[in-house]
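Please keep the sequence and the structure in view while reading.

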Amino acid sequence: MKNRGLLLVALTIALVGSAVVGLRAQKAPAAQSPSPEMQAMMEAHRKAIQPGPQHLDLMRLLGEYTTRDTFYMPGAEAPVISDGAATIKSEMGERFLVEHNNGAYMGEPYAGLRIYGFNNGSKQYEGVWTYSASTSVMSLSGTSKDDAKSIDFTANFKDDATGQAMSLAVTLKLLDPDHFQVELKSTMPNGSAGPRVVTTYTRKI
């Protein structure tokens with residue numbers, strides 16, 4: 001009798017266990033493949049985020065550089081010249097250039113961070129600049145007509161002191177495999193030319 005009782009208990013446990021497993025199997029959703037439309041969207045996105053020829057053009061600037069800043073002030077007899085250095089590396093699978101630079105202006109040292117890339121969606125070169133001498137972030141967008149040998153940007157930021165929206169014309173120009181220049185041009189409120197800065201980069205050999 002005792003053995004029959006144990007057998008009944010074991011059968012009951014087995015039946016309950018089978019029922020629970022069956023319920024879990026019913027609740028588990030079957031894996032579904034993406035629809036053809038979703039697959040097409042995923043493939044289009046995968047292609048759109050791949051680096052293209054514009055990114056390869058930017059990679060020509062990778063390296064270690066010495067720099068020379070030449071500041072032109074309206075009305076000044078001669079420009080102010082200062083020397084510095086820059087390091088340019090690639091990030092995110094050669095999608096972006098990241099530049100760390102340093103120099104001095106009027107005897108005051110500064111450090112800068114610049115990021116450049118090409119947006120496959122907007123079909124424009126884009127950038128972000130920041131400086132240790134500012135709390136603002138400058139955003140750049142531009143185009144090139146000569147395979148990135150020169151890129152003309154419009155740069156926008158808000159002045160730290162006044163909060164006023166400001167803009168600059170920025171041109172990045174490749175001179176040869178070991179030299180390039182970045183020129184910043186500003187315009188005064190009356191429309192006349194404002195301060196201008198030309199930075200020449202010389203690759204360290």
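Which residue takes a positive phi in the hairpin of β9 and β10? Gly191 does, with a phi near 95 degrees, and the hairpin has 5 residues between the strands. The model is predicted, so local features need pLDDT of at least 70 and side-chain atom pairs count only at pLDDT 80 or more, whereas totals for chains, interfaces and linings use all residues. Residues are numbered from 1 along each chain as its sequence is written, and side-chain values use heavy atoms, with hydrogens and water left out.

Helices (H or I, at least four residues) and strands (E, at least two) are DSSP runs, numbered from the N terminus, and two strands pair if DSSP finds at least two bridges between them. Strand β9, residues 179-187, pairs with β10 in the antiparallel sense over 8 bridges. Within β10, Val197 stands opposite Leu184. Strand β10 (residues 193-203) also pairs with strand β1 (residues 63-72), again antiparallel and over 8 bridges. Here Asp69 has Thr199 of β10 as its bridge partner.

The largest nonpolar core comes next. A nonpolar core is a set of buried Ala, Val, Leu, Ile, Met, Phe, Trp, Tyr and Cys residues joined through side-chain atoms within 4.5 Å; buried means under 20% relative accessible area, exposed over 50% and partly exposed in between, for a 1.4 Å probe and protein chains only. The largest core has 25 residues, of which Trp129, Phe153, Val170, Phe180 and Val182 touch the most other members. Two or more residues each come from β2 (80-91), β4 (108-119), β5 (124-131), β6 (138-143), β7 (150-158), β8 (165-176) and β9. The largest share, 4 residues, is that of β7. In soluble globular proteins, nonpolar side chains tend to be buried together. Leaving aside neighbours within four places in sequence, Phe180 is in contact (heavy atoms within 4.5 Å) with residues including Leu61, Tyr65, Ile88, Leu172, Thr199 and Tyr201.

The spaces in the model are defined on a 1 Å grid over the protein atoms alone: a cavity is a set of points where a 1.4 Å probe fits but cannot get out, a pocket is an open set with protein on both sides within 12 Å along at least five of seven lines, and lining residues have an atom within 4 Å of a point. Grid points are joined across faces, edges and corners, and a volume is the space filled by probe spheres set on the points. In the classes used below, Ala, Val, Leu, Ile, Met, Phe, Trp, Tyr, Cys and Pro count as nonpolar, Asp, Glu, Lys and Arg as charged, and the others, Gly among them, as polar.

The largest pocket has a volume of about 1100 Å³. Of the 35 residues that line this pocket, Met138, Phe157, Leu168, Leu184 and Val197 lie nearest its centre. Its lining takes two or more residues from each of β1, β4, β5, β8, β9 and β10, and divides into 19 nonpolar, 9 polar and 7 charged residues.

There are also 2 cavities of 30 Å³ or more. The largest cavity, of about 50 Å³, has Asp69 and Thr199 among its lining residues, together with Glu99, Tyr110, Arg114 and others. The largest share of this lining, 3 residues, comes from β3 (96-105). By class, the lining of the largest cavity has 2 nonpolar, 4 polar and 3 charged residues. The second largest cavity has a volume of about 40 Å³, and its lining includes Leu58, Leu61, Ile151 and Leu172. This second lining comprises 6 nonpolar, no polar and 2 charged residues.

Two loop residues complete the account. Most residues other than glycine have a negative phi. Glu94, in the loop between β2 and β3, has a positive phi near 60 degrees, and is partly exposed at a relative accessible area of 39%. Lys123 lies in the loop between β4 and β5, and its phi is likewise positive, near 60 degrees. Lys123 counts as exposed because its relative accessibility is 57%. The C-alpha atoms of Lys123 and Gln54 are separated by 9.5 Å, although these residues are 69 residues apart along the chain.
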